[in-house]
Amino acid sequence: MSTDEKTGIQALERLYGGSKPMQAGRIEKREFDYKRHGTLCLLANWLVAEGRMIAPTVSPTRREADYANHIEQTIASAPDKGWIFIVDQLNTHYSASLVEWVAKLIQDRQPLGEKGKSGILLNKKTRMQYLSNPAHRLRFVYIPKHCSWLNPVEVCFSGLSKRVLKRGNFSSKEDLKGKLLAYIDFYNENLAKKFKWSISSKNNIDTMIEKIKKAVSKIMA
C-alpha cells in the first residue's frame, strides 16, 4: 500500500458566475477572482497490486492523531490481512501514537517505554525500527529522504491536481470533499491500473537499487 498526504487543498470558489466553458472556436475563460473557504488534507492509499485507491480520509488537519486514525480506518477494510505501507519520513508516520496503536493491533504486550526517555518510544530511530519490523503483520517501509518519486501514490496526486483542482470551483469545504471522493470513485472505475516502472535498462535499475540500499542503511544505522 503506497500512502501519503496531499495537504493544503484549497476550496476556492470562482466569483461572478465562475469560469466560462470552452466553446467551438473559443478557449475556456477562467475567472480570476475567487473566495477562499479554507483547506483540506487528503490522506490517500494506493493499492500497488491493483492500481486502486482505497479507504481515503479527507480531514482539515494532518496531525499525529489524524494519521493514526487513517491507518486504523484502512486496516478496518480488511482486518485479518497482512499490510505493508510504503511511506515517507514525515514525523506522523512514526509517531508514538502510531506505535502504540500497532502494538495493540498485533497484541504485542512488551513495555514500549516512554517517548523521549526510554524503550521503543525513545526516538525516531527506535520507533521506525519497530514499525518496520518484518515479523509484524502490519509494517511500514520508509523511503529515503528526497525520493518522493519512489512512492507511487504521487502519480495519483498528479492526476488529481490536473483533473479536479487546477480548474476546480468549490462552494465550500464540503463541496471540495465531495468532489475529491467522487474523483477517487471515478479513478477506481475508469483509470485504475497496475504501476509499471518506466526504467528499461537493467544497469540503471541495478544502480538505483544500490543507491536505495545505501540510503536506507544510513537511515537505520
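**Exercise 1.** Where is glutamate 114 placed, and is this residue buried or exposed, or in between?

*Solution.* Start with the position: glutamate 114 lies in the loop between α2 (96-105) and α3 (124-131). Here helices are DSSP runs of H or I with at least four residues, strands are E runs of at least two, and both are numbered from the N terminus. Next, take the surface: glutamate 114 has a relative accessible area of 41% and is partly exposed. (Buried means under 20%, exposed over 50%, partly exposed in between, with a 1.4 Å probe and protein chains only.)

A note before we go on: this is a predicted model, where local features need pLDDT of at least 70 and side-chain atom pairs pLDDT 80 or more, while totals for chains, interfaces and linings use all residues. Residues are numbered from 1 along each chain as its sequence is written, and side-chain values use heavy atoms, without hydrogens and water.

**Exercise 2.** Find the loop that holds asparagine 151, then say which residues asparagine 151 touches.

*Solution.* First, asparagine 151 sits in the loop between β5 (138-142) and α4 (153-165). Then look at its surface: with a relative accessible area of 2%, asparagine 151 is buried. Finally, leaving out residues up to four places away in sequence, asparagine 151 touches Ser2, Thr3, Asp4, Ile86, Val87, Asp88 and Ile143 (heavy atoms within 4.5 Å).

**Exercise 3.** How many disulfides are there?

*Solution.* Apply the rule, a pair of cysteine sulfur atoms within 2.5 Å: the count is 0. Cysteine 41, for one, has its nearest cysteine sulfur, that of cysteine 156, 15 Å away.
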